[in-house]
There are 2 protein chains.
Amino acid sequence: MRRTLLNARILTMDTTCREIERGWIALEDDQIVALGEGEPEPVADEVRQDMGGDLLMPGMVNTHAHLPMTLFRGLGEDVDDRLFRYILPLERALVTAEVVEVGARLAVAESIRGGVTTVADMYYFEDRIGAILDAAGMRGVVGQTLADFAAPDHDSMDEGFARLDALADLYAGHPRITASAAPHAPYSTGLEVMSRVAQWAADHPGLPVQMHLAETHAELDWAANTHGCTTVEVTDRAGLLGPALVAAHVMYPTEGDIALLAERGVGVAHNARSNGKAGRGIAPVTALRAAGVPVGLASDGPMSGNTLDLFAQMGPASMFQKIAGGSRKPLPCIDVLRMATIEAARVLGMDDRIGSLEPGKQADIVRVSLDDPRLHPIYDLASALVFAALPSDVRGTMVAGRWLMEDREISTLDTGKALADALQVAEGFKAHIIEIDKTKT
Amino acid sequence: MRRTLLNARILTMDTTCREIERGWIALEDDQIVALGEGEPEPVADEVRQDMGGDLLMPGMVNTHAHLPMTLFRGLGEDVDDRLFRYILPLERALVTAEVVEVGARLAVAESIRGGVTTVADMYYFEDRIGAILDAAGMRGVVGQTLADFAAPDHDSMDEGFARLDALADLYAGHPRITASAAPHAPYSTGLEVMSRVAQWAADHPGLPVQMHLAETHAELDWAANTHGCTTVEVTDRAGLLGPALVAAHVMYPTEGDIALLAERGVGVAHNARSNGKAGRGIAPVTALRAAGVPVGLASDGPMSGNTLDLFAQMGPASMFQKIAGGSRKPLPCIDVLRMATIEAARVLGMDDRIGSLEPGKQADIVRVSLDDPRLHPIYDLASALVFAALPSDVRGTMVAGRWLMEDREISTLDTGKALADALQVAEGFKAHIIEIDKTKT
């Protein structure tokens, strides 16, 4: 049965970034089958839905997140040693499969409310996270974390790989959920484990690998001291640099590293707010993209980036490159929108299916109200979206042809219950945090 | 008659930044007379209003804006020569008193919707802007621009000063609108005009002076070439550095300049997004504040900063200092909130009346809904406000004891008409822009 979304302003994000002032999109099942300007020809048994002049744009693609960390949102703000002071002890003591579910459900509600239709996650108990994404109708990449520190869901690397294999089996052939290996970082896995992941990836074509890469100065020192080269080069020695790899952060690549990433076809997840808040500097996004490396926007975990929508990332991403470049010209608004949609899809290896509004693509669509006075006048739609639009302007979110949210009401998840459950878990966390603060002052 | 706002979470922004988990604020006429925890004692003839657990915080103070430039919002994004290509020609050709009114009305609606209760403006036809702020019930500083380029409202400096005198007369003794002199910048006024403004300021104690200062490299070159010193030093020679001065931007002060600004008691308006988008680098906010210079957040004009709320400025302001400082520690969230409220009030010389919720202060109060899942859990209220809250979370805005907005409905201004009028004016601008783009490609 054909459904037609009518009377919409449309931003396609196709190769020409075509804008349609007033047009329509026709859907069949989970796909876009046609779109155009003005009024479409009537089709038998067609269902029509008037968009009231709202904007339809591609669903946004969040290329790097730790969804259950909503439960840690804003904790240890402005504290430099928060990873070792709070995150690792709390995860070890309190993060169970059930806690992960509670955090992920809040995250999924927030993502849908913010216009994100696809999210690449790396955390623990990813089978549970996949189930929550699936139940809510979202699209996701679920990455089993592998690390040498005591992880909440595996005590040995063999156990970690066993979980990863089970995850790959669980979601094999799933239309919206994709399993993924997520070695934590070069320094926290090492050459041997990274090589084993590379082998696993070769055995599982089409499944992405996610890893933090070149994120901290300590990581660069580790690579130099242990292997006498850059951390990107260590990763290459392990055979892990390739089109399957989604490298998160990439703050400090050398020129040689950038060339290598481009040559190997690696995609980068750029976490502007998380990096800015950590005082880590400005990632060389302009240089990476100029070299041909696709870069997608990302939220990082809510303990680092606070929110999970990409509107919060777009302005900072553009401003950071302009500051680094000393001019208004770097990373113009339309490129920022690419990095939130089609280029982000390319980072995840999914640009054949999502990231733009074109016939043949999945119907992952966000409906954005342009009613707020704060957005007007609009001389440049891209500028309005990057520097004035908010997640609260998102009126509807569709994945694979199904509205997950209409008029800001999510139909696939109980938002109130998700929030109440999260607040209850957070009470337990707060008690534990008070204990930590008592012992470490 | 006493009115009591009950059942509220309260962030006072007093000297201890006291937070009250559940409390009340009592008002009489335009003032706060008491506040406390729990339930207040009943008072005869008292009117009580339940805040439903929402947050009450001080109204935000925008220390630098060009309100009517809503009409230019997002124009020439990513274009380096936009000032000379678009702004000045458009202002010269199209900006009349009526156009200023239309732009200001949209700006005032947006400000109230975003929780801003006081705004310091510098533009043209400021008598009209004052009238619109006044009619909408807002608090404002209206600054008559003085500049050596052809201005829309004066052809000579004498005419500019005549307008300034008339403005000061018009708003003498007004409880919410304060007149102000606004020499555009040192390079566009010169030593002689700045000296004349300094004399004017001495003759008008209590009225602020607003000026762009140390904003661009071209301005530094002008000062070095013309006066053999820094632009801050030229301003001092003119006698303009003093507690009355609100210096906007201050991107490139030397160490000596910072000491001089502190010694003279100058306040700084920090326009994080505008500066970031212009690729101008990162203002030395940490150093300015460490030297004792009060720094307030500011939106700048919507052609530069796009939106007029301060939520959009808080995250970038903090991130920029953390990036510059290479650590999470600089400009913690609570200090960012100070810069949006009490410290901003100090920049404008109004901290005896506004900027915090304390008995004796004006009842300028913002009611913020904390219902959105994106804000939770809240381990740190300041973090939630700086890095997750949005202008759309503002439920009510009160100035001088009067609700200008309740449940997101503004009662003092027709928001729909303000938007419609602005869109009509923008159509004329668009036609002119097409002509400009034809001649300059």
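This is a predicted model: local features need pLDDT of at least 70, side-chain atom pairs count only at pLDDT 80 or more; totals for chains, interfaces and linings use all residues.
Strand E15(A) is mostly covered, six of its six residues being buried.

Chain A is divided into domain 1, made up of residues 2-58 and 356-410, and domain 2, which comprises residues 60-347. The C-alpha centres of the two domains of chain A lie 28 Å apart, and 25 residues of domain 1 of chain A are in contact with 26 residues of domain 2 of chain A. On the side of domain 1 of chain A that touches domain 2 of chain A, at least two residues each are supplied by strand E14 (365-368), helix H15 (381-387), strand E15 (394-399) and strand E16 (402-406) of chain A. The element that gives the most to this side is H15(A), with five residues. By class, this side of domain 1 of chain A has 18 nonpolar, three polar and four charged residues.

A further set of contacts links the chains, with 49 residues of chain A in contact with 50 residues of chain B. Helices H2, H10 (272-277), H12 (311-325), H15 and H16 (415-439) of chain A each supply at least two residues of the side of chain A that touches chain B. The largest share of that side, six residues, comes from H16(A). Sorted by class, the side of chain A that touches chain B has 24 nonpolar, 13 polar and 12 charged residues.

Because 14 of its 15 residues are buried, H12(A) is largely enclosed by the rest of the structure. The helix is followed by A:Gly326, whose phi is positive, near 65 degrees.

Helix H4 of chain A, which covers residues 157-170, has 14 residues and reaches 20 Å from its first C-alpha to its last, close to the 20 Å expected at 1.5 Å a residue. Its buried residues include A:Gly160, A:Arg163, A:Leu164 and A:Leu167. Seen down the axis of H4(A), the buried residues fall within an arc of 100 degrees and therefore line one face of the helix. An α-helix has 3.6 residues a turn, so residues three or four places apart point the same way. On the other side of H4(A), by contrast, A:Asp158 and A:Asp169 are exposed. The cover over the buried residues of H4(A) includes helix H3 (126-136), strand E8 (139-146), strand E9 (177-183) and helix H6 (191-203) of chain A.

A:Ser111 is found in helix H2 of chain A, which covers residues 97-113, and it counts as buried because it has 32 C-beta neighbours inside 10 Å, where 20 or more are required. When residues up to four places away in sequence are not counted, A:Ser111 touches A:Asn62, A:Val116, A:Val119, A:Met138 and A:Leu308. Between A:Ser111 and A:Ala291 the separation is 180 residues in sequence and 31 Å in space, C-alpha to C-alpha.

A:Leu288 is found in helix H11 of chain A, which covers residues 285-290, and it counts as buried because it has 23 C-beta neighbours inside 10 Å. Residues up to four places away in sequence again being left aside, A:Leu288 touches A:Val250, A:Ile258, A:Val268, A:Val293 and A:Val295. One of these contacts, that with A:Val250, joins positions 38 residues apart in sequence, with the C-alpha atoms of A:Leu288 and A:Val250 lying 9.4 Å apart in space.

Methods. Residues are numbered from 1 along each chain as its sequence is written. Chains are lettered from A and ligands numbered from 1 in the order in which they are written. Helices (H or I, at least four residues) and strands (E, at least two) are DSSP runs, numbered from the N terminus. A residue is buried if 20 or more other C-beta atoms lie within 10 Å of its own, exposed if 12 or fewer, and partly exposed in between; C-beta atoms are placed from the backbone. Two residues are in contact if their C-beta atoms, placed from the backbone, lie within 7 Å. Domain bounds come from an automatic or database domain assignment. Ala, Val, Leu, Ile, Met, Phe, Trp, Tyr, Cys and Pro count as nonpolar, Asp, Glu, Lys and Arg as charged, and the others, Gly among them, as polar. The expected span of a helix is 1.5 Å times one less than its number of residues. The arc is that of the directions from the helix axis to the C-beta atoms.
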